[in-house]
Amino acid sequence: MPRSKTRPRFESWGRYPTLQADLRPLNWATDFPLPNPPATRLLPVGAGRSYGDVCLLENGTLLHTRGMDRLLAFDSETGILRCEAGVTLAEILDFAVPRGFFLPVTPGTKYVTVGGAIANDIHGKNHHVAGTFGHHVQCFELVRSDGARILCSPAHNAEWFSATVGGMGLTGLITWAEVKLRPIVSRGIDYNGEKFVGIDEFLALSRKASAEYTVAWIDCVATGKNFARGIFMQGEHSKEPGPLKKSPEPWLIFPIDLPAFALNHFSMAAFNTAYYHKQLPKVKTAKVDYEPFFYPLDSVLHWNRMYGKNGFLQFQNVLPHEGGREGMIEILRAITRSGLASFLAVIKFFGDMPSAGMMSFPKPGIMLALDFPIRPGVSFDLLDRLAQITLEYGGRMYSAKDARMTAQQYQAFYPQWREFERYIDPAFDSAFWQRVTGRRPLDE
Ligand SMILES: Cc1cc2nc3c(=O)[nH]c(=O)nc-3n(C[C@H](O)[C@H](O)[C@H](O)COP(=O)(O)OP(=O)(O)OC[C@H]3O[C@@H](n4cnc5c(N)ncnc54)[C@H](O)[C@@H]3O)c2cc1C
(Lines give C-alpha, C1' and ligand atoms only; values in the text may rest on other atoms or scores of the structure.)
Protein backbone atom coordinates (compact mmCIF):
# COMPACT_ATOMS: atom_id res chain seq x y z
CA MET A 1 0.00 0.00 0.00
CA PRO A 2 1.32 3.48 -0.77
CA ARG A 3 2.20 5.29 2.45
CA SER A 4 0.55 8.66 2.87
CA LYS A 5 3.13 11.35 3.40
CA THR A 6 2.93 12.86 6.87
CA ARG A 7 3.54 16.55 6.74
CA PRO A 8 4.64 18.67 9.70
CA ARG A 9 1.91 20.56 11.51
CA PHE A 10 1.75 24.35 11.71
CA GLU A 11 -0.19 26.79 13.80
CA SER A 12 -0.34 30.58 13.81
CA TRP A 13 0.06 32.87 16.81
CA GLY A 14 -3.35 31.90 18.22
CA ARG A 15 -2.29 28.20 18.13
CA TYR A 16 -5.62 27.34 16.50
CA PRO A 17 -6.19 25.68 14.09
CA THR A 18 -3.18 23.36 13.61
CA LEU A 19 -2.82 22.20 10.00
CA GLN A 20 -0.40 20.03 8.04
CA ALA A 21 1.76 21.58 5.34
CA ASP A 22 5.23 21.52 3.81
CA LEU A 23 7.45 24.45 4.70
CA ARG A 24 9.69 25.76 1.96
CA PRO A 25 12.22 28.37 3.10
CA LEU A 26 12.56 30.55 0.00
CA ASN A 27 15.92 30.73 -1.67
CA TRP A 28 16.62 33.37 -4.33
CA ALA A 29 19.05 31.15 -6.20
CA THR A 30 16.82 28.12 -6.66
CA ASP A 31 13.17 29.05 -6.12
CA PHE A 32 12.54 31.65 -8.82
CA PRO A 33 10.59 31.44 -10.99
CA LEU A 34 8.16 29.60 -8.71
CA PRO A 35 7.43 25.99 -9.78
CA ASN A 36 4.64 25.96 -12.34
CA PRO A 37 2.48 24.00 -11.92
CA PRO A 38 3.51 23.45 -8.29
CA ALA A 39 3.21 19.99 -6.69
CA THR A 40 0.75 21.41 -4.13
CA ARG A 41 -1.04 24.73 -3.67
CA LEU A 42 1.14 27.57 -2.36
CA LEU A 43 0.84 30.27 0.30
CA PRO A 44 3.46 32.81 1.39
CA VAL A 45 4.10 32.97 5.13
CA GLY A 46 6.11 35.60 6.99
CA ALA A 47 6.56 35.49 10.77
CA GLY A 48 3.28 33.63 11.41
CA ARG A 49 2.04 36.42 13.70
CA SER A 50 -1.50 36.28 12.35
CA TYR A 51 -3.92 34.63 14.74
CA GLY A 52 -6.14 32.28 12.78
CA ASP A 53 -5.74 30.45 9.48
CA VAL A 54 -4.92 33.31 7.09
CA CYS A 55 -1.28 32.10 7.01
CA LEU A 56 -2.10 28.35 6.94
CA LEU A 57 -2.86 25.92 4.12
CA GLU A 58 -3.78 22.29 4.82
CA ASN A 59 -1.63 19.93 2.70
CA GLY A 60 -0.13 22.85 0.82
CA THR A 61 3.34 24.40 0.64
CA LEU A 62 4.08 27.42 2.80
CA LEU A 63 6.60 29.69 1.07
CA HIS A 64 8.55 30.92 4.06
CA THR A 65 9.96 34.38 3.41
CA ARG A 66 12.00 35.00 6.57
CA GLY A 67 15.25 34.15 4.75
CA MET A 68 14.58 37.03 2.33
CA ASP A 69 15.77 39.53 4.90
CA ARG A 70 18.09 42.03 3.22
CA LEU A 71 17.78 45.79 3.47
CA LEU A 72 18.47 46.89 -0.11
CA ALA A 73 18.59 50.70 -0.17
CA PHE A 74 17.83 53.69 2.02
CA ASP A 75 17.45 57.35 1.07
CA SER A 76 17.94 59.49 4.18
CA GLU A 77 16.52 62.56 2.37
CA THR A 78 13.13 60.98 1.66
CA GLY A 79 13.09 58.22 4.33
CA ILE A 80 12.32 55.61 1.64
CA LEU A 81 13.64 52.15 2.54
CA ARG A 82 13.74 49.30 0.02
CA CYS A 83 13.90 45.87 1.61
CA GLU A 84 13.07 42.23 0.98
CA ALA A 85 9.66 41.06 2.12
CA GLY A 86 10.93 38.79 4.91
CA VAL A 87 12.53 41.69 6.82
CA THR A 88 10.73 42.24 10.13
CA LEU A 89 9.61 45.58 11.50
CA ALA A 90 12.00 44.90 14.43
CA GLU A 91 14.91 44.71 11.96
CA ILE A 92 13.78 47.95 10.30
CA LEU A 93 13.65 49.68 13.69
CA ASP A 94 17.15 48.44 14.56
CA PHE A 95 18.40 50.04 11.35
CA ALA A 96 16.21 53.15 11.26
CA VAL A 97 15.98 54.44 14.85
CA PRO A 98 19.74 55.16 15.21
CA ARG A 99 19.42 57.12 11.92
CA GLY A 100 16.46 59.17 13.22
CA PHE A 101 13.61 57.33 11.46
CA PHE A 102 10.60 55.31 12.61
CA LEU A 103 7.90 53.15 11.05
CA PRO A 104 5.03 55.13 9.52
CA VAL A 105 2.48 52.65 10.96
CA THR A 106 3.15 49.86 13.43
CA PRO A 107 0.99 47.08 14.90
CA GLY A 108 1.14 45.92 18.54
CA THR A 109 4.12 43.65 17.79
CA LYS A 110 7.30 44.46 15.86
CA TYR A 111 7.88 40.78 15.01
CA VAL A 112 5.94 40.83 11.73
CA THR A 113 7.45 40.89 8.25
CA VAL A 114 7.03 43.62 5.65
CA GLY A 115 5.28 41.08 3.36
CA GLY A 116 2.84 40.19 6.16
CA ALA A 117 2.28 43.87 6.98
CA ILE A 118 1.32 44.58 3.36
CA ALA A 119 -0.73 41.41 2.84
CA ASN A 120 -2.93 42.21 5.87
CA ASP A 121 -2.68 45.98 5.36
CA ILE A 122 -2.05 46.36 9.06
CA HIS A 123 -3.05 49.38 11.14
CA GLY A 124 -1.71 50.96 14.31
CA LYS A 125 -2.55 53.47 17.02
CA ASN A 126 -2.21 56.31 14.46
CA HIS A 127 -4.84 55.01 12.04
CA HIS A 128 -6.94 58.17 12.48
CA VAL A 129 -4.11 60.32 11.07
CA ALA A 130 -1.87 57.96 9.07
CA GLY A 131 -4.23 55.33 7.63
CA THR A 132 -2.87 51.81 7.14
CA PHE A 133 0.59 50.40 6.32
CA GLY A 134 -0.39 50.27 2.64
CA HIS A 135 -0.64 54.08 2.52
CA HIS A 136 3.11 54.27 3.12
CA VAL A 137 4.18 51.58 0.65
CA GLN A 138 5.63 53.27 -2.42
CA CYS A 139 5.90 50.12 -4.54
CA PHE A 140 6.61 46.38 -4.40
CA GLU A 141 7.31 43.46 -6.68
CA LEU A 142 4.65 40.74 -6.99
CA VAL A 143 5.80 37.36 -8.32
CA ARG A 144 3.11 35.13 -9.82
CA SER A 145 3.24 31.37 -10.35
CA ASP A 146 3.23 31.85 -14.15
CA GLY A 147 6.59 33.62 -13.84
CA ALA A 148 5.22 37.17 -14.20
CA ARG A 149 6.94 39.80 -12.05
CA ILE A 150 4.61 42.76 -11.60
CA LEU A 151 5.92 46.08 -10.29
CA CYS A 152 3.01 47.56 -8.31
CA SER A 153 2.48 51.06 -6.96
CA PRO A 154 -0.55 53.33 -6.50
CA ALA A 155 0.20 54.74 -9.98
CA HIS A 156 1.59 51.68 -11.80
CA ASN A 157 -0.46 48.48 -12.08
CA ALA A 158 -2.70 50.15 -9.51
CA GLU A 159 -5.29 47.35 -9.61
CA TRP A 160 -2.62 44.78 -8.62
CA PHE A 161 -1.41 47.12 -5.89
CA SER A 162 -4.92 47.46 -4.50
CA ALA A 163 -5.64 43.70 -4.68
CA THR A 164 -2.32 42.73 -3.04
CA VAL A 165 -2.41 45.29 -0.20
CA GLY A 166 -4.71 43.43 2.21
CA GLY A 167 -4.83 40.54 -0.29
CA MET A 168 -3.86 37.93 2.36
CA GLY A 169 -1.06 36.42 0.28
CA LEU A 170 -3.45 35.13 -2.36
CA THR A 171 -2.46 37.30 -5.32
CA GLY A 172 1.16 36.03 -5.41
CA LEU A 173 4.42 36.48 -3.54
CA ILE A 174 5.71 39.93 -2.61
CA THR A 175 9.50 39.73 -2.92
CA TRP A 176 10.56 43.27 -1.98
CA ALA A 177 8.92 46.58 -1.14
CA GLU A 178 9.68 50.27 -0.64
CA VAL A 179 8.27 51.85 2.53
CA LYS A 180 8.47 55.52 3.47
CA LEU A 181 9.71 55.94 7.04
CA ARG A 182 9.06 59.03 9.17
CA PRO A 183 11.67 61.14 10.98
CA ILE A 184 12.02 61.16 14.79
CA VAL A 185 14.47 62.93 17.09
CA SER A 186 14.22 60.63 20.12
CA ARG A 187 13.10 57.17 21.23
CA GLY A 188 10.86 58.97 23.72
CA ILE A 189 7.08 59.16 23.61
CA ASP A 190 5.17 61.90 25.43
CA TYR A 191 2.47 59.81 27.06
CA ASN A 192 -0.87 60.73 28.59
CA GLY A 193 -3.19 58.16 30.20
CA GLU A 194 -6.69 59.01 31.41
CA LYS A 195 -9.01 56.65 33.24
CA PHE A 196 -12.63 56.40 32.15
CA VAL A 197 -15.73 54.50 33.17
CA GLY A 198 -18.28 53.56 30.53
CA ILE A 199 -18.50 53.76 26.75
CA ASP A 200 -19.75 57.34 26.78
CA GLU A 201 -16.64 58.59 28.56
CA PHE A 202 -14.50 56.60 26.10
CA LEU A 203 -16.36 58.17 23.15
CA ALA A 204 -15.97 61.69 24.58
CA LEU A 205 -12.22 61.18 25.09
CA SER A 206 -11.83 59.78 21.56
CA ARG A 207 -13.64 62.76 20.04
CA LYS A 208 -11.47 65.33 21.76
CA ALA A 209 -8.16 63.43 21.46
CA SER A 210 -5.49 65.33 19.55
CA ALA A 211 -2.43 63.07 19.72
CA GLU A 212 -0.93 61.13 16.83
CA TYR A 213 -1.32 57.81 18.67
CA THR A 214 -4.48 56.91 20.58
CA VAL A 215 -5.83 53.64 21.95
CA ALA A 216 -7.74 52.57 25.05
CA TRP A 217 -7.43 49.46 27.16
CA ILE A 218 -10.88 48.33 28.28
CA ASP A 219 -11.87 45.99 31.12
CA CYS A 220 -14.15 43.32 29.63
CA VAL A 221 -14.85 41.60 32.93
CA ALA A 222 -16.15 44.36 35.20
CA THR A 223 -19.91 44.76 35.55
CA GLY A 224 -22.26 47.17 37.38
CA LYS A 225 -20.88 50.64 37.98
CA ASN A 226 -17.46 49.57 36.61
CA PHE A 227 -18.85 48.28 33.30
CA ALA A 228 -16.59 49.29 30.37
CA ARG A 229 -13.99 51.05 32.50
CA GLY A 230 -10.57 51.56 31.02
CA ILE A 231 -7.56 53.77 30.39
CA PHE A 232 -7.42 56.08 27.36
CA MET A 233 -3.82 56.33 26.19
CA GLN A 234 -2.33 59.00 23.93
CA GLY A 235 1.21 59.45 22.73
CA GLU A 236 3.37 61.64 20.49
CA HIS A 237 6.95 61.18 19.39
CA SER A 238 8.90 63.50 21.65
CA LYS A 239 10.03 66.70 19.92
CA GLU A 240 12.90 67.12 22.38
CA PRO A 241 16.06 65.48 20.99
CA GLY A 242 16.94 62.34 22.98
CA PRO A 243 18.71 59.00 22.65
CA LEU A 244 18.36 57.19 19.32
CA LYS A 245 20.00 53.88 20.07
CA LYS A 246 18.91 50.40 19.07
CA SER A 247 16.58 48.45 21.41
CA PRO A 248 18.10 45.70 23.56
CA GLU A 249 17.16 42.11 22.71
CA PRO A 250 14.28 40.75 24.82
CA TRP A 251 15.44 38.13 27.32
CA LEU A 252 12.20 37.03 29.03
CA ILE A 253 10.70 33.88 27.54
CA PHE A 254 7.35 32.44 28.58
CA PRO A 255 8.69 29.04 29.61
CA ILE A 256 5.77 26.58 29.47
CA ASP A 257 2.29 25.98 28.11
CA LEU A 258 0.04 26.96 31.01
CA PRO A 259 -2.66 24.42 31.90
CA ALA A 260 -6.18 25.45 30.82
CA PHE A 261 -7.41 26.05 34.41
CA ALA A 262 -4.76 28.73 35.08
CA LEU A 263 -6.56 31.31 32.98
CA ASN A 264 -10.02 31.43 34.44
CA HIS A 265 -12.59 34.10 35.09
CA PHE A 266 -11.08 34.90 38.51
CA SER A 267 -7.47 35.24 37.41
CA MET A 268 -8.52 37.47 34.49
CA ALA A 269 -10.82 39.60 36.65
CA ALA A 270 -7.92 40.04 39.10
CA PHE A 271 -5.60 41.03 36.24
CA ASN A 272 -8.10 43.55 34.86
CA THR A 273 -8.67 45.14 38.28
CA ALA A 274 -4.93 45.36 38.94
CA TYR A 275 -4.33 46.88 35.49
CA TYR A 276 -7.02 49.52 36.03
CA HIS A 277 -5.62 50.48 39.44
CA LYS A 278 -1.99 50.39 38.28
CA GLN A 279 -2.50 54.03 37.35
CA LEU A 280 -3.51 55.77 40.58
CA PRO A 281 -4.41 59.33 39.47
CA LYS A 282 -7.20 59.85 36.95
CA VAL A 283 -4.74 61.45 34.53
CA LYS A 284 -1.06 60.56 34.24
CA THR A 285 1.57 62.09 31.96
CA ALA A 286 5.07 60.72 31.47
CA LYS A 287 7.90 60.38 28.99
CA VAL A 288 8.19 56.69 28.09
CA ASP A 289 10.33 54.66 25.71
CA TYR A 290 8.66 53.61 22.45
CA GLU A 291 9.09 49.88 23.22
CA PRO A 292 6.62 49.60 26.12
CA PHE A 293 4.30 52.13 24.44
CA PHE A 294 3.98 50.27 21.14
CA TYR A 295 5.03 46.73 22.00
CA PRO A 296 4.12 45.93 25.62
CA LEU A 297 3.78 42.20 24.84
CA ASP A 298 6.99 41.83 22.87
CA SER A 299 9.11 41.95 26.03
CA VAL A 300 8.05 38.35 26.80
CA LEU A 301 8.86 36.00 23.92
CA HIS A 302 6.29 33.24 23.24
CA TRP A 303 3.68 34.86 25.48
CA ASN A 304 1.03 32.92 23.52
CA ARG A 305 2.00 29.85 25.59
CA MET A 306 0.14 31.52 28.43
CA TYR A 307 -3.07 30.26 26.80
CA GLY A 308 -1.92 26.66 26.89
CA LYS A 309 -1.96 24.08 24.13
CA ASN A 310 -5.63 24.66 23.23
CA GLY A 311 -4.70 28.14 22.06
CA PHE A 312 -6.90 31.20 21.89
CA LEU A 313 -9.19 33.11 19.60
CA GLN A 314 -9.01 36.78 18.73
CA PHE A 315 -12.04 38.82 17.99
CA GLN A 316 -11.47 42.12 16.20
CA ASN A 317 -14.19 44.15 14.61
CA VAL A 318 -15.09 47.68 13.60
CA LEU A 319 -18.59 49.14 13.84
CA PRO A 320 -19.63 52.33 12.02
CA HIS A 321 -20.03 55.41 14.27
CA GLU A 322 -23.75 55.35 13.63
CA GLY A 323 -25.08 52.70 16.02
CA GLY A 324 -21.52 51.86 17.10
CA ARG A 325 -22.10 52.88 20.71
CA GLU A 326 -25.10 50.56 21.09
CA GLY A 327 -23.36 47.75 19.19
CA MET A 328 -20.25 47.91 21.39
CA ILE A 329 -22.39 47.87 24.56
CA GLU A 330 -24.20 44.79 23.25
CA ILE A 331 -20.87 43.10 22.48
CA LEU A 332 -19.37 43.92 25.89
CA ARG A 333 -22.54 42.66 27.62
CA ALA A 334 -22.41 39.39 25.63
CA ILE A 335 -18.79 38.95 26.75
CA THR A 336 -19.43 39.58 30.45
CA ARG A 337 -22.50 37.28 30.34
CA SER A 338 -20.50 34.46 28.73
CA GLY A 339 -18.18 34.26 31.75
CA LEU A 340 -15.23 34.24 29.34
CA ALA A 341 -12.79 36.98 30.09
CA SER A 342 -10.00 38.67 28.19
CA PHE A 343 -7.07 40.68 29.43
CA LEU A 344 -5.91 42.10 26.21
CA ALA A 345 -8.87 44.18 25.11
CA VAL A 346 -8.34 47.41 23.20
CA ILE A 347 -10.78 49.87 21.70
CA LYS A 348 -10.08 52.77 19.35
CA PHE A 349 -11.57 55.10 16.75
CA PHE A 350 -10.50 54.36 13.19
CA GLY A 351 -10.11 57.43 10.96
CA ASP A 352 -11.89 58.27 7.71
CA MET A 353 -9.05 57.66 5.25
CA PRO A 354 -10.13 55.02 2.70
CA SER A 355 -7.77 52.02 2.93
CA ALA A 356 -5.20 51.36 0.22
CA GLY A 357 -6.32 47.77 -0.33
CA MET A 358 -9.45 46.31 -1.88
CA MET A 359 -9.84 43.83 1.01
CA SER A 360 -8.37 45.95 3.84
CA PHE A 361 -10.11 45.72 7.20
CA PRO A 362 -10.22 49.30 8.55
CA LYS A 363 -13.16 51.57 7.87
CA PRO A 364 -14.43 54.61 9.78
CA GLY A 365 -15.88 53.71 13.18
CA ILE A 366 -15.09 52.11 16.53
CA MET A 367 -12.67 49.16 16.59
CA LEU A 368 -12.54 46.54 19.36
CA ALA A 369 -9.94 43.74 19.69
CA LEU A 370 -9.68 41.06 22.36
CA ASP A 371 -8.50 37.49 23.04
CA PHE A 372 -10.35 34.54 24.55
CA PRO A 373 -8.86 31.24 25.66
CA ILE A 374 -10.42 28.31 23.79
CA ARG A 375 -12.94 26.58 26.07
CA PRO A 376 -14.90 23.81 24.37
CA GLY A 377 -18.58 24.63 24.05
CA VAL A 378 -18.20 28.27 25.13
CA SER A 379 -15.66 30.20 23.09
CA PHE A 380 -16.94 29.33 19.62
CA ASP A 381 -20.53 30.12 20.60
CA LEU A 382 -19.45 33.51 21.93
CA LEU A 383 -17.42 34.27 18.80
CA ASP A 384 -20.39 33.35 16.61
CA ARG A 385 -22.61 35.69 18.62
CA LEU A 386 -20.12 38.57 18.40
CA ALA A 387 -19.79 38.10 14.64
CA GLN A 388 -23.57 38.18 14.34
CA ILE A 389 -23.84 41.42 16.35
CA THR A 390 -21.10 42.91 14.14
CA LEU A 391 -23.16 42.01 11.09
CA GLU A 392 -26.36 43.48 12.54
CA TYR A 393 -24.63 46.80 13.24
CA GLY A 394 -23.09 47.06 9.76
CA GLY A 395 -19.50 46.39 10.87
CA ARG A 396 -16.86 43.92 9.75
CA MET A 397 -14.23 41.61 11.26
CA TYR A 398 -10.48 41.42 10.65
CA SER A 399 -9.28 38.42 8.61
CA ALA A 400 -5.76 38.52 10.15
CA LYS A 401 -7.23 37.81 13.59
CA ASP A 402 -9.96 35.37 12.70
CA ALA A 403 -10.40 31.61 12.91
CA ARG A 404 -14.16 31.44 13.03
CA MET A 405 -16.17 33.64 10.62
CA THR A 406 -18.62 31.72 8.45
CA ALA A 407 -18.65 32.08 4.68
CA GLN A 408 -21.96 33.89 4.92
CA GLN A 409 -20.63 36.39 7.49
CA TYR A 410 -17.38 37.02 5.59
CA GLN A 411 -19.17 37.61 2.31
CA ALA A 412 -21.50 40.10 3.98
CA PHE A 413 -18.55 41.91 5.62
CA TYR A 414 -16.54 42.00 2.37
CA PRO A 415 -19.02 42.02 -0.55
CA GLN A 416 -16.12 42.96 -2.88
CA TRP A 417 -14.67 39.43 -2.44
CA ARG A 418 -15.96 38.35 -5.87
CA GLU A 419 -14.11 41.16 -7.59
CA PHE A 420 -10.98 40.30 -5.56
CA GLU A 421 -11.13 36.65 -6.66
CA ARG A 422 -10.13 37.71 -10.18
CA TYR A 423 -6.66 38.63 -8.88
CA ILE A 424 -5.98 35.40 -6.96
CA ASP A 425 -3.06 33.41 -8.34
CA PRO A 426 -4.44 30.05 -9.55
CA ALA A 427 -1.66 28.19 -7.70
CA PHE A 428 -2.26 30.01 -4.38
CA ASP A 429 -4.78 29.22 -1.67
CA SER A 430 -5.22 29.40 2.12
CA ALA A 431 -7.21 27.62 4.81
CA PHE A 432 -8.84 30.98 5.56
CA TRP A 433 -9.93 31.47 1.97
CA GLN A 434 -11.28 27.91 1.78
CA ARG A 435 -13.33 28.58 4.93
CA VAL A 436 -14.76 31.96 3.94
CA THR A 437 -15.64 30.82 0.45
CA GLY A 438 -17.41 27.78 1.91
CA ARG A 439 -14.93 25.14 0.66
CA ARG A 440 -13.86 24.09 4.18
CA PRO A 441 -16.40 23.46 6.95
CA LEU A 442 -16.18 25.17 10.34
CA ASP A 443 -14.82 23.01 13.17
CA GLU A 444 -17.01 21.95 16.10
C1 LIG B 1 0.79 40.68 19.64
C2 LIG B 1 0.21 41.02 18.29
C3 LIG B 1 -0.29 42.29 18.09
C4 LIG B 1 -0.84 42.62 16.84
N5 LIG B 1 -1.30 43.90 16.67
C6 LIG B 1 -1.81 44.26 15.48
C7 LIG B 1 -2.25 45.59 15.25
O8 LIG B 1 -2.18 46.45 16.13
N9 LIG B 1 -2.73 45.90 14.01
C10 LIG B 1 -2.79 44.97 13.01
O11 LIG B 1 -3.23 45.33 11.91
N12 LIG B 1 -2.37 43.72 13.20
C13 LIG B 1 -1.89 43.34 14.40
N14 LIG B 1 -1.43 42.05 14.58
C15 LIG B 1 -1.53 41.11 13.46
C16 LIG B 1 -0.27 41.13 12.58
O17 LIG B 1 0.21 42.44 12.44
C18 LIG B 1 -0.65 40.62 11.18
O19 LIG B 1 -1.25 39.36 11.28
C20 LIG B 1 0.57 40.55 10.25
O21 LIG B 1 0.10 40.36 8.93
C22 LIG B 1 1.52 39.41 10.61
O23 LIG B 1 2.65 39.45 9.76
P24 LIG B 1 3.54 38.15 9.53
O25 LIG B 1 4.81 38.54 8.91
O26 LIG B 1 3.62 37.39 10.82
O27 LIG B 1 2.66 37.39 8.47
P28 LIG B 1 1.98 35.95 8.52
O29 LIG B 1 1.11 35.87 9.72
O30 LIG B 1 3.01 34.90 8.34
O31 LIG B 1 1.09 36.04 7.21
C32 LIG B 1 0.03 36.97 7.17
C33 LIG B 1 -0.53 37.06 5.76
O34 LIG B 1 0.43 37.66 4.92
C35 LIG B 1 0.69 36.84 3.79
N36 LIG B 1 2.10 37.07 3.45
C37 LIG B 1 3.17 36.99 4.27
N38 LIG B 1 4.29 37.28 3.59
C39 LIG B 1 3.92 37.53 2.31
C40 LIG B 1 4.63 37.87 1.12
N41 LIG B 1 5.94 38.03 1.10
N42 LIG B 1 3.93 38.02 -0.02
C43 LIG B 1 2.58 37.89 -0.03
N44 LIG B 1 1.86 37.58 1.06
C45 LIG B 1 2.52 37.41 2.22
C46 LIG B 1 0.37 35.43 4.26
O47 LIG B 1 0.03 34.59 3.18
C48 LIG B 1 -0.82 35.68 5.16
O49 LIG B 1 -2.00 35.76 4.41
C50 LIG B 1 -0.88 41.67 15.80
C51 LIG B 1 -0.37 40.38 16.00
C52 LIG B 1 0.18 40.05 17.24
C53 LIG B 1 0.73 38.66 17.46
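Which residue in E20 does Phe 315 stand opposite? The points below answer this and then describe the rest of the predicted model.

1. **The opening question.** The residue in E20 that stands opposite Phe 315 is Leu 370. Strand E18, residues 312-319, and strand E20, residues 365-373, run antiparallel and are joined by 8 bridges.

2. **The sheet around this pair.** E18 and E20 belong to an open sheet of 8 strands, whose order is E16-E12-E14-E13-E19-E20-E18-E21. The pairing in this sheet is antiparallel. Its edge strands are E16 (283-289) and E21 (396-397), each of which pairs on one side only.

3. **Overall build.** In total, the protein has 12 helices and 21 strands. Along the principal axes, its C-alpha atoms fill a box of roughly 60 × 55 × 45 Å. The radius of gyration is 21 Å, which agrees with the value near 22 Å that a compact globule of 444 residues would have.

4. **Burial and contacts.** Of the 444 residues in the protein, 47% are buried. Among contacts with a separation of 6 or more, 76% are between residues 24 or more positions apart.

5. **Ile 189, a residue of the sheet.** Strand E12, residues 188-197, contains Ile 189. Is this residue buried or exposed? Ile 189 is buried, because 23 other C-beta atoms lie within 10 Å and the cut-off for burial is 20 or more. Beyond its neighbours within four places in sequence, Ile 189 is in contact with Gly 235, Glu 236, His 237 and Ser 238, and also with Val 288, Tyr 290 and Phe 293. The C-alpha atom of Ile 189 is separated by 12 Å from that of Phe 102, a residue 87 positions away along the chain.

6. **Surroundings of the ligand.** Helix H2 also takes part in the shell around the ligand, to which it gives the most, with 4 residues. How many residues surround the ligand? There are 32, and the closest are Gly 46, Pro 107, Gly 115, Gly 116 and Gly 169. Strand E3 (42-45), helix H2 (114-119) and strand E10 (173-180) are the elements that give two or more residues to this shell. Sorted by class, the shell has 18 nonpolar residues, 13 polar residues and 1 charged residue.

7. **Ala 130 in helix H3.** Helix H3, residues 127-130, includes Ala 130. Ala 130 counts as buried because it has 21 C-beta neighbours inside 10 Å, and 20 or more are needed. Leaving aside neighbours within four places in sequence, the contacts of Ala 130 are Pro 104, Val 105 and His 135. From C-alpha to C-alpha, Ala 130 and Glu 212 are 8.4 Å apart in space, although they are 82 residues apart in sequence.

Definitions and conventions:
Residues are numbered from 1 along each chain as its sequence is written. This is a predicted model: local features need pLDDT of at least 70, side-chain atom pairs count only at pLDDT 80 or more; totals for chains, interfaces and linings use all residues. A residue is near a molecule or strand if its C-beta atom, placed from the backbone, lies within 6 Å of it. Ala, Val, Leu, Ile, Met, Phe, Trp, Tyr, Cys and Pro count as nonpolar, Asp, Glu, Lys and Arg as charged, and the others, Gly among them, as polar. The radius of gyration is taken over C-alpha atoms; the globule rule is 2.2 Å times the number of residues to the power 0.38. A residue is buried if 20 or more other C-beta atoms lie within 10 Å of its own, exposed if 12 or fewer, and partly exposed in between; C-beta atoms are placed from the backbone. Two residues are in contact if their C-beta atoms, placed from the backbone, lie within 7 Å. Two strands pair if DSSP finds at least two bridges between them.
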